[in-house]
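User: Hi! Could you walk me through this one with me? I'd like to start with the rings.
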Amino acid sequence: MKPEKIHGTRKKPWKKELRHNWPLYVLCLPALIFVLIFAYGPMAGLVMAFQNYKPWQGITGSEWIGLDNFARIFQYEESTQAIMNTLIIAVIKIVVGIIVPIIMAILLSEIRNVGLKKSIQTLVYLPHFLSWVTVAGIMIDILGLDGGINHFLFSVFGTKPVFFLGDPAYFRPTVIISDLWKNFGFGMIVYLATITGIDPSYYEAAEIDGATRRQQIRHVTLPSMLPMIIVISTLSLGSVLDAGFDQIFNLYNPLVYSTGDIIDTYVYRSSLLNGQYGFGTAVGLFKSGISFILIVISYRIAYKLANYKIF
């Protein structure tokens, strides 16, 4: 007796698929062209990282020097300092940017007044939509030597004016706090949505067992949030070398290069301002390569720990 043939799901030939869904592919075409021109097209310039690039000689005429530009990354004090600053600022941003939204989401979920809850949610989420140019302008006015913060400190405590954006000791905390103020509302919304999706019967069962609100948060809310916390934490590994160019560029100055200069701003100054195009490209390519590896690792960890995957 011959076994019966099991017919699996057959995929449509690509020509038939294209003929059937061509309006959808036409809609995607502008976005695809945009990505090809502005994302993949400029990648041809990465060859400058392996050259002593001179603009008047062009890519084809510049001297090929192999990996010399990459070796120089670890020979210059400024470049190693920029890498360390990037790691310190980015790691603290990631840690604080995970912990604070979790706490705020839990606190906000405990508010029973719907109107008050939505008002607070809107207020803390609003700064996320402001550009760093706008925020930096406000911060420069507030944190300047004659700004509002110094006037307050002098009138209350009698302290001397502090140049928050010009003192290396204060620059990093200022950057981290301002980034937290601007972006923690977005993370809070994500965690708040996770809390909203928790089955109310879990809280009812815990309440019947005599659990207080603190115990319910500890044994019901936090364990239910854990998969989302793991996903966001692991995916944040990919941004370890991304300390925020827009923010740093609009806030820093030569006085705080020792603690505020990051890889992206260093690349900007080395290539566009100092004319070291090959070296600047090498630093940027080095950062992109490490970030790509970290992103792959973070997605693998997220899949293993929380079964999270894009495709």
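User: Is Phe249 buried or partly exposed?
Analyst: Partly exposed: this is a predicted model, and in it Phe249 has a relative accessible area of 32%.

User: And which ring does Phe249 pair with, and how?
Analyst: Phe249 forms an aromatic pair with Phe245. The two are stacked, at 5.2 Å centre to centre and with 20° between the planes. The angle is under 30 degrees, so the pair counts as stacked.

User: Where do those two sit in the chain?
Analyst: Both are in helix α12, which covers residues 245–251. Because they are 4 residues apart there, about one helical turn separates them. Phe245 is partly exposed too, with a relative accessible area of 26%.

User: How many aromatic pairs are there by that rule?
Analyst: The count comes to 14. One of them is Phe164 with Tyr170, an edge-to-face pair at 5.6 Å centre to centre and 75° between the planes.

User: Which rings link into a cluster?
Analyst: Phe50, Trp64 and Phe70 do, through ring pairs.

User: What about a charge over a ring: which residue lies over the face of Tyr257?
Analyst: That's Arg269, at 4.1 Å from the ring centre.

User: Switching to packing. Which residues touch the most other members in the largest nonpolar core?
Analyst: Ile102, Ala105, Ile106, Tyr191, Ile195 and Met225, out of 21 residues in that core. The elements giving two or more residues to it are α5 (77–109), α9 (168–196), α10 (200–208) and α11 (213–235).

User: Let's zoom in on Tyr191. What is Tyr191 in contact with, leaving aside neighbours within four places in sequence?
Analyst: Tyr191 is in contact with Ile98, Pro101, Ile102 and Ala105, and also with Met225, Met228, Ile229 and Ile232.

User: What else lies apart from that core?
Analyst: Another core, of 18 residues. Phe164 is among them, as are Phe171, Leu251 and Tyr252.

User: Now the whole chain. How many helices and strands are there?
Analyst: There are 15 helices and 2 strands.

User: What is the radius of gyration, next to a compact globule of 311 residues?
Analyst: The chain has 26 Å, whereas such a globule would be near 19 Å. Along the principal axes, the C-alpha atoms fill a box of roughly 85 × 70 × 35 Å.

User: And what share of the residues is buried?
Analyst: Buried residues make up 33% of the 311. The accessible surface comes to about 20,000 Å², and 68% of that belongs to carbon and sulfur atoms.

User: Last one: what share of the contacts joins residues at least 24 apart?
Analyst: It's 65%, counted among contacts between residues at least 6 apart in sequence.

Key: Residues are numbered from 1 along each chain as its sequence is written. This is a predicted model: local features need pLDDT of at least 70, side-chain atom pairs count only at pLDDT 80 or more; totals for chains, interfaces and linings use all residues. Side-chain values use heavy atoms; hydrogens and water are left out. Rings of Phe, Tyr and Trp (its six-membered ring) pair if their centres lie within 6.5 Å; planes under 30 degrees apart count as stacked, over 60 as edge-to-face and the rest as tilted. Buried means under 20% relative accessible area, exposed over 50%, partly exposed in between (1.4 Å probe, protein chains only). A charge sits over a ring if NZ of Lys or CZ of Arg is within 6 Å of the ring centre and within 35 degrees of the ring normal. A nonpolar core is a set of buried Ala, Val, Leu, Ile, Met, Phe, Trp, Tyr and Cys residues joined through side-chain atoms within 4.5 Å. Contact means heavy atoms within 4.5 Å. The radius of gyration is taken over C-alpha atoms; the globule rule is 2.2 Å times the number of residues to the power 0.38. Accessible areas come from the Shrake-Rupley method with a 1.4 Å probe; for residues, only the protein chains shown count as cover.
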